[in-house]
Amino acid sequence: LDVLANAVLGFAAIANGTAAGKLKTTAAVPFRVDGQVYSKAATDDLWDFAAEVALGAGVYRAYWLFVDAAGVATIQGGTAVSQASAVLALADLPYPSATKSVFGVFVAGPSTVFTNALSGQGTIYHGVPAGASKTAGPPGYVGGISESITLINP
């Protein structure tokens with residue numbers, strides 16, 4: 001993944017969507033996918049968590065908040081269905097997609113019910129938070145990504 005080729009170039013201002021179980025952006029944000037610059041308008045109910053299974057007590061799971069070149073939003077959860085802490089959930093995120101821009105991360109906290117408002121049940125990160133770096137990835141990958149992304153994301 002060329003971090004600069006898929007960078008968010010602004011601050012997406014991610015918040016609860018109008019519909020429960022969804023997240024939105026509250027500001028337009030420029031971003032890159034494969035080096036091309038795009039813009040995503042503020043969009044209500046952009047990321048949908050309705051298909052996710054409620055978490056048990058003491059369980060955390062992190063999710064990438066992606067947008068692709070067509071402006072379509074998707075989520076991708078960590079490889080394990082549950083982790084014992086938010087730190088472990090962040091570290092469990094899979095290598096990010098090379099065809100999508102990372103707008104942020106949502107870490108669902110203990111007992112999260114994905115059909116309710118999300119911000120009170122977990123933590124929303126704009127961009128890539130520390131601890132989400134990977135130590136392994138596709139061929140030729142060396143080291144983590146969060147340090148590089150922090151330089152270009154607010």
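Predicted model: local features only at pLDDT ≥ 70, side-chain atom pairs only at ≥ 80, totals over all residues.

Visitor: Fine. How many helices and strands are there in the protein?

Guide: The protein has two helices and nine strands. Going along the sequence, the pattern reads β-β-β-β-β-β-β-α-β-β-α.

Visitor: And what share of the residues count as buried?

Guide: The protein has 154 residues, and 44% of them count as buried. Its accessible surface comes to about 6,900 Å², with 57% of that belonging to carbon and sulfur atoms.

Visitor: What share of the contacts comes from residues 24 or more positions apart?

Guide: Among contacts with a separation of 6 or more, residues 24 or more positions apart account for 57%.

Visitor: Let's look at a sheet. In what order do β1, β2 and β5 come?

Guide: These three strands form an open sheet in the order β1-β2-β5, and the pairing is antiparallel.

Visitor: How many bridges join β1 to β2?

Guide: Three bridges join these antiparallel strands. As for residues facing each other, Ile-14 stands opposite Thr-25 in β2.

Visitor: Stay with Thr-25. Is Thr-25 buried or exposed?

Guide: Thr-25 counts as buried because its relative accessible area is 2%, and the cut-off for buried is under 20%. Thr-25 belongs to strand β2, which covers residues 22-25.

Visitor: Which residues does Thr-25 touch?

Guide: Leaving aside residues up to four places away in sequence, Thr-25 touches Ala-12, Ala-13, Ala-41, Ala-42, Thr-43, Leu-46, Trp-47 and Phe-103. As for Thr-43, its backbone nitrogen lies 3.0 Å from a polar atom of the Thr-25 side chain.

Visitor: Two of those are aromatic. How many aromatic pairs does a search of the whole structure find?

Guide: The search finds eight aromatic pairs. One of them is Trp-47 with Phe-103, an edge-to-face pair at 6.0 Å centre to centre, with 65° between the planes.

Visitor: Where do Trp-47 and Phe-103 sit in the chain?

Guide: Trp-47 is in strand β5 (residues 47-48) and Phe-103 in strand β8 (residues 100-108). They are 56 residues apart, and the pair links distant parts of the chain. Both Trp-47 and Phe-103 are buried.

Visitor: Why does Tyr-63 count as buried?

Guide: Tyr-63 counts as buried because its relative accessibility is 1%. For Phe-49, also buried, the relative accessible area is 0%.

Visitor: Which residues do ring pairs link into a cluster?

Guide: The cluster is made of Phe-31, Tyr-38, Trp-47 and Phe-103.

Visitor: Last topic, β6 and β7. How many residues lie between them in the hairpin?

Guide: Four residues lie between β6 and β7 in the hairpin. Gly-71, in the turn, has a positive phi of about 85°.

Visitor: And how many bridges join β6 to β7?

Guide: Five bridges join β6 to strand β7 (residues 73-77), and the two run antiparallel. Phe-66, for instance, has Thr-74 in β7 as its bridge partner.

How values were computed
Residues numbered from 1 in each chain as written. Heavy atoms only, no water. Buried < 20%, exposed > 50% of the residue type's maximum accessible area, 1.4 Å probe, protein only. Polar contact = N/O pair within 3.5 Å; in protein donor to acceptor, adjacent residues only side chain to side chain. Contact = heavy atoms within 4.5 Å. Phe/Tyr/Trp six-rings, centres within 6.5 Å; stacked < 30°, edge-to-face > 60°. Areas by Shrake-Rupley, 256 points an atom, 1.4 Å probe, with all protein chains shown as cover. Pairing = 2+ DSSP bridges.
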